[in-house]
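Trainee: I have a model to go through. Can we take it by question and answer?

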Amino acid sequence: MTKENKREREILELVQNTDFLVLARYMQILSGNFLRSYGNDVINIHHGLLPSFKGGHPSKQAFEAGVKLIGATTHFVTEELDAGPIIEQMVERVSHRDNLQSFVQKSENLEKQCLSKAIRSYCELRVLPYEGKKTVVF
């Protein structure tokens, strides 16, 4: 898969009979055409180091900058990059005691927990749209 050829038609064939789709580590922007053709909810997870630490090795950049909080956000996918209604967010404190390895491990664990909680809430029908760009999770 490349930026120019996302193979969306092939992906649509694979997911056509699914209830929803999760983009964990997909790292590509789905087109509006894909989202309309798929027709069901698409959920994305990303670390909370954006927008400050972009590109390759954001955890290393954040670690070197001495950040004190790391986070993760799970949201619905829309045509606008990372702007869909938020389902779940989590944060965790890091400190000078963390080395790069423990920093990355905490960040990855937080993403897994955030995604898991969001999917559980979604599957239990506890996520409702609210005022267009928001959700209510109960």
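This is a predicted model: local features need pLDDT of at least 70, side-chain atom pairs count only at pLDDT 80 or more; totals for chains, interfaces and linings use all residues.

Trainee: Which residues of helix α1 are buried?

Mentor: Helix α1 spans residues 8-15. Buried here means under 20% relative accessible area. In α1 the residues that qualify are Glu8, Ile11 and Val15.

Trainee: Why do the buried residues of α1 line one face of the helix?

Mentor: An α-helix has 3.6 residues a turn, so residues three or four places apart point the same way. On the other side of α1, Arg9 and Glu13 are exposed. Seen down the axis of α1, the buried residues line one face because they fall within an arc of 60 degrees.

Trainee: What covers the buried residues of α1?

Mentor: Those residues are Glu8, Ile11 and Val15. The cover includes a strand and a helix. These are β1 (20-23) and α2 (32-38).

Trainee: What kind of aromatic pair do Phe63 and Phe103 form?

Mentor: Ring centres within 6.5 Å make a pair, and planes over 60 degrees apart count as edge-to-face. For Phe63 and Phe103 the centres are 5.7 Å apart, with 70 degrees between the planes. The pair is therefore edge-to-face.

Trainee: How many residues apart are Phe63 and Phe103?

Mentor: Phe63 sits in helix α3 (residues 58-65), and Phe103 in helix α4 (residues 100-123). The pair links distant parts of the chain. The two are 40 residues apart.

Note on methods: Residues are numbered from 1 along each chain as its sequence is written. Side-chain values use heavy atoms; hydrogens and water are left out. Buried means under 20% relative accessible area, exposed over 50%, partly exposed in between (1.4 Å probe, protein chains only). Helices (H or I, at least four residues) and strands (E, at least two) are DSSP runs, numbered from the N terminus. The arc is that of the directions from the helix axis to the C-beta atoms. Contact means heavy atoms within 4.5 Å. Rings of Phe, Tyr and Trp (its six-membered ring) pair if their centres lie within 6.5 Å; planes under 30 degrees apart count as stacked, over 60 as edge-to-face and the rest as tilted.
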